Every structure is written in C-alpha cells, then in structure tokens.
Amino acid sequence: MSRRAVPPPSASDPFAVAAERFHHDLNRALGVEPRGVILLAVSGGPDSMAMLTLAAATFPGRIRVATVDHRLRAAAAGEAAMVANHCALLHVPHATLIPDQPITGASIQAAARQVRYRLLADHARAIGAETIATAHHADDQAETFLMRAARGSGIAGLAGVRPRATIEGATVIRPLLEWRRAELRAIVRRAEAPFVDDPSNADPAHDRTRFRRLLDANEWLGPPQLARAAAALAEADGDVRAIVEWLWSSRAAADGAGVRIDIAGLPRELVRRLARRAIGMVVEAAALPAPKWSDSANIEALLDALAAGRRATQAGVLVSPHGDSWRFRPAPARRSSGSAESG
C-alpha cells in the first residue's frame, strides 16, 4: 500500500468536510481553539491513523505523535516503526514510548492502560504539549456502555469515556466520540495511509471483544444511540459532581486525623459520593499502604452498615456513625481489612 502525505483539503473535496468536522470536534472537546502543540496518541490502528490524517491536514505544524510499545506483543515494534515512517512523510515529529519495566498484574489491559497514559503524560510535559488526543470513537463508547451496564455500574461508570479528562496530570481529549469506526477506516483507505488491525481486538478472551461482536450482530442496538445515552449520563454526572462539591464545602470538615461529614437528609447517591471522597482523603492523608483505594470502589456494604448504625471499615479507613454525622479516620492496624466490616 502506498504511503503519501494528505494534500490540503479543498472546499469541494469530501475530505475537507471531514477535516472541518474534526477541527470543530477537537475544539469542542478541548473547550477552546488550541494554541499550543497537540500530542496525538497513535497506535497504528485505523482509528488513530485516521485521527493523524485529519489532524495533519487541520493543524499543520502543530501536532506531535507518540506511539506506546507496551512490549506485550512482538509485532508492536514494527507497528510503531510504521507510524514513525508515515509521520516522516507527513513531516510530523514522532516518538516511540517504551515502559521502563515489564507490565504485570492480574489485569494486563488495565495495567497497560495506566502505563500508557503515564508515558503519554510525561512525554506531553517534556515537549510542552497543550493536550493529548486519543482516537476513542462512538463504537468504543457503545461497547464501554454495555460492558459497564453488564457489571452493574452506576451513573459515573455508564457515562463512559469523557470528551475531556485529566489523566496523570495531563489534559486528555477524545475528539472522535461522535465518529463511527467505519467512517474512520474509510478515511485512511481514501488517504492510502498504512494501518494495522491489532489481533487482540478479535480475541474473545477480552470482554470488549465479546461486546463488539454483540453490537455487530445486532444492529438494532445502535452504537450512536448508546453513545448519546452515555453522553447524556456524562452531563448528568457532571451536575451531580457540582452538587457534591457544594455539599462538601458546607457539610465536610477535618476532624483531627480524619474527616467528619453531615449526611442528614441526603439521598444515597450523594452520600455515596461524599463517603468515597472522605475515604480517599483519609487514605491519602494517612498514606495508608493497602489495600489500594479507588474512587470507583464498591462501598455498598459500608453504606448499609452505617445506615444501620454500625461502624465499618473500607480500605483501611474506619467509619463511625453518630446519628447523621459520620467520622472517617485511619483504622487500627489490626482492622486493616479492604472490605466493609460491621463492628
């Protein structure tokens, strides 16, 4: 397959329409017209290569590209080299990022994601990039929505991939969330840009692959509609987060080595979010080593115990209810369980 640079779009060229749409969507995701460097995360797949094709035409001279080789597949080095060679044709600076130690863990995909964003954020800071752009699209969003629904996720989880997020201290945007996978593949084919299909995307051992097949086999599910549902939930989640910020300022207070919050009259969702925030603050302030705390952790057993007037622990934090006032503090060493325990 030949590799040629994409010419500047003309008003009569269908590519010009796509480029204008991409420009609008990137600005909307970022919230402003970017003034600095944009770092594109490009794996070599058709989605990220389409993003590179569009960005090279839309933001000439202002983009940089990074490809992360997780060292999990032998073919990844060649894929990174393919991206680097195509970037050279487009006169776009490229870097291949490699982790400094092997990726391990119970969930290799989750561990790889964490390492990937850390490497991208570090590189973005090193080159002075204003933002990092990834190629998540509407089909990805639909798959994520179904995956999380099947796991019983709440509003924050069902909101899926956000158009803009702060990850590892860097601003990450997803300008393609309203684009379909087929649209992006068509763009790289018309541009004669090289790309590879990651074999792991067809591996049924991964949850995402199974949900992708479900969507492909059932057109009535409608990925664009599922993506719009996720976007609506993201907006609602943002509103709830704003309410929680306001409640925190009026109902939470430092209490010695911990935190005390007033939950009087609040619905469970707001209590849940305030409690998670309090636990996270105590974990960070006391530098509790284990178990690892996540703001998405299931704390339903903890909430049930507290509502019944019983003390409980989570992630090394002891929570004591005193009527409508709950106190969060580091648990004694002998009570370092990671799940809720009534007491």
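Q: Which residue is the bridge partner of I38 in β2?
A: That would be I63. Keep in mind as we go that this is a predicted model.

Q: Okay, and how do the two strands pair, parallel or antiparallel?
A: Parallel: β1, residues 37-41, and β2, residues 63-68, pair in that sense over 4 bridges.

Q: How many strands form the sheet?
A: There are 6, and they form an open sheet. The order is β3-β2-β1-β4-β6-β5, with mixed pairing.

Q: Which strands stand at the edges?
A: β3 (94-97) and β5 (164-167) do. Each has a single partner strand, so one side of each is left without a neighbour in the sheet.

Q: And what does the twist average from one strand to the next?
A: The average is 30°.

Q: New topic: which strands does helix α1 lie across?
A: Helix α1, residues 14-30, lies across β1, β4, β5 and β6. Its direction is at about 140° to β6.

Q: What about the largest nonpolar core, which residues touch the most other members?
A: F22, L40, L52, I63, V65 and W179, out of 36 residues in that core. I63 is also the bridge partner of I38.

Q: Which element gives the most to this core?
A: Helix α2 does, with 8 residues.

Q: Back to F22, what does it touch?
A: Leaving out residues up to four places away in sequence, F22 touches M51, L54, A55, T58, F59, P175, L176 and W179.

Definitions and conventions: Residues are numbered from 1 along each chain as its sequence is written. This is a predicted model: local features need pLDDT of at least 70, side-chain atom pairs count only at pLDDT 80 or more; totals for chains, interfaces and linings use all residues. Side-chain values use heavy atoms; hydrogens and water are left out. Two strands pair if DSSP finds at least two bridges between them. Axes are lines fitted to C-alpha atoms, for helices over the stretch in contact, and angles run from 0 to 180 degrees between N-to-C directions. Contact means heavy atoms within 4.5 Å. A nonpolar core is a set of buried Ala, Val, Leu, Ile, Met, Phe, Trp, Tyr and Cys residues joined through side-chain atoms within 4.5 Å. Buried means under 20% relative accessible area, exposed over 50%, partly exposed in between (1.4 Å probe, protein chains only).
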